[in-house]
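These are my notebook entries on one structure. I set down what I looked up, one topic at a time.

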Amino acid sequence: MGRENVDNWHVKKCAKACDGCEEEFQDKQVLYSHLRFDEGEYTRKDFCKKCREGDGSALSTWQTLFIVPPPPAEEVVKKENAESLLRKLLAKENDEDLNAIFILTVMLERKKILVERDTQKMEDGRKLRIYEHKKTGESFMVIDPELKLNELEHVQDEVVVLLGGQPRNAPQEPAD
Ligand SMILES: [Zn+2]
């Protein structure tokens, strides 16, 4: 059941034109990607700002943090890793987890599990980074908290602790 669940969440690439008025998107245009459940499948539709208002049936949009499946049941039993922790935090949709979420995606990008596909500027000026999971094809939409270096180290330590490790300034930290 777990596998099929993941496949259902496969998210399509961005459309070239608005799904409503069919106008082609311009470079750097703000658009709104909606995820819907259609005939047993999640499908993505992209809208311009004007058409977005008329679409009340979407489950979620790219302006929210993310689109990911809840972790399969068997994941709960396994030891937490960067990917399962990321899925868990994304599913919670808490703004205070933004920093940790971003660090986890960077970790998974280094491990070649996620590949960055796109960066979009959101209406409020924040950067939305879109990553693709190499194995499942899922899109992970993550707001870049644009951390300063000192903040970055602090959040990295927090994430390491969440993963059951020790912060970098702890004694005898083994090299990665
Ligand atoms: Zn439109």
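I located lysine 88 in helix 4; helices (H or I, at least four residues) and strands (E, at least two) are DSSP runs, numbered from the N terminus. I worked from a predicted model, in which local features need pLDDT of at least 70, side-chain atom pairs count only at pLDDT 80 or more, and totals for chains, interfaces and linings use all residues. Residues are numbered from 1 along each chain as its sequence is written, and side-chain values use heavy atoms, with hydrogens and water left out.

I asked why lysine 88 counts as partly exposed. The reason is its relative accessibility of 40%, since buried means under 20% relative accessible area, exposed over 50%, and partly exposed in between (1.4 Å probe, protein chains only). I also noted 9.6 Å between the C-alpha atoms of lysine 88 and isoleucine 101, which are 13 residues apart along the chain.

Next I looked up the packing of helix 4 and helix 5. Their axes lie 10 Å apart at an angle of about 145 degrees; axes are lines fitted to C-alpha atoms, for helices over the stretch in contact, and angles run from 0 to 180 degrees between N-to-C directions. Among the residues that meet are Leu86 and Leu89 in helix 4, and Ile101 and Leu104 in helix 5.

I then followed leucine 104. Leaving aside residues up to four places away in sequence, leucine 104 touches Ala82, Leu85, Leu86, Leu89, Val159 and Leu163, where contact means heavy atoms within 4.5 Å.
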